[in-house]
Amino acid sequence: MINQVASVSYLTAPVIGGVLYAAFGLKLVMLAGILCFFLTALLECFIKLDFQKDISHQSIRTIIKSDAVINIRFFTKEQPDILSMLLLTAASRFFVMGLTLVGLPFMVRNILGLSAGHYGAAESAMAVATIMGSIAAGLAFLLPLSAITKYGIHVGGFSGTDSHRRDGMFDWAVVRRLLSEA
């Protein structure tokens, strides 16, 4: 249930934020964000959790060290495939997310010359693309295909052919044309 709520918020929050920013301006949206933050902090004060005193007599440093050793052994000896996936995910996030978080607002506002509402729609489109990519990746591994075909599906899913020129440079005119048709 929590995953579904998070997915819906990733899809709707950028659009709602962009519409509110366009309608009321940045100052009012920031004040609403501050108010919601403090309201959330206040409500968290009333959460009741059952506290169970730890009966272990080890120091926190010893507990952290033993947990780290157990986790490293698990990832290196028992499940090295999970370690490979974690490292691949970390590397892709390191290179892609920075460019996306910094570059997308710049591209939408400055290069394409679109409004804050369009930026919100672009953020929501990225969330939809993430969900669709997860579904496509899962389906590709369920199909009885060769490894190279599965690799091609994954690479093809992440690269558009319509918006790239032959020299590898991104063609913003294609994006503008698609947005004007919408």
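1. Leaving aside its neighbours within four places in sequence, with which residues is Met126 in contact? With those neighbours set aside, Met126 touches Thr100 and Leu104, where contact means heavy atoms within 4.5 Å. Met126 sits in helix α5, and its C-alpha atom is separated by 9.6 Å from that of Thr100, 26 residues apart along the chain. With a relative accessible area of 29%, Met126 is partly exposed, a class that lies between buried (under 20%) and exposed (over 50%), as judged with a 1.4 Å probe and the protein chains only.

2. On provenance, this is a predicted model, in which local features need pLDDT of at least 70 and side-chain atom pairs count only at pLDDT 80 or more, while totals for chains, interfaces and linings use all residues. Residues are numbered from 1 along each chain as its sequence is written, and side-chain values use heavy atoms, with hydrogens and water left out.

3. The mean pLDDT, the predictor's confidence in each residue on a range from 0 to 100, is 76 for the protein, and 77% of the residues reach 70 or more. Confidence is highest in helix α2 (residues 26-44), at a mean of 92, and lowest in helix α7 (residues 172-181), at 52. Over residues 159-171 the pLDDT is below 50, and this stretch has eight contacts in the model beyond near neighbours in sequence.

4. The protein has seven helices and zero strands, assigned as DSSP runs numbered from the N terminus (H or I of at least four residues for helices, E of at least two for strands). Of its 182 residues, 10% count as buried, and residues 24 or more positions apart account for 44% of the contacts with a separation of 6 or more.

5. The second largest pocket has a volume of about 230 Å³; a pocket here is an open set of points on a 1 Å grid over the protein atoms alone, where a 1.4 Å probe fits, with protein on both sides within 12 Å along at least five of seven lines, and lining residues have an atom within 4 Å of a point. The volume is the space filled by probe spheres set on the points, which are joined across faces, edges and corners.

6. Helix α1 gives the most to this lining, with five residues, and α1 (2-24), α2, α4 (80-111) and α5 (116-142) each supply at least two. Among the lining residues are Tyr21, Arg109 and Tyr119.
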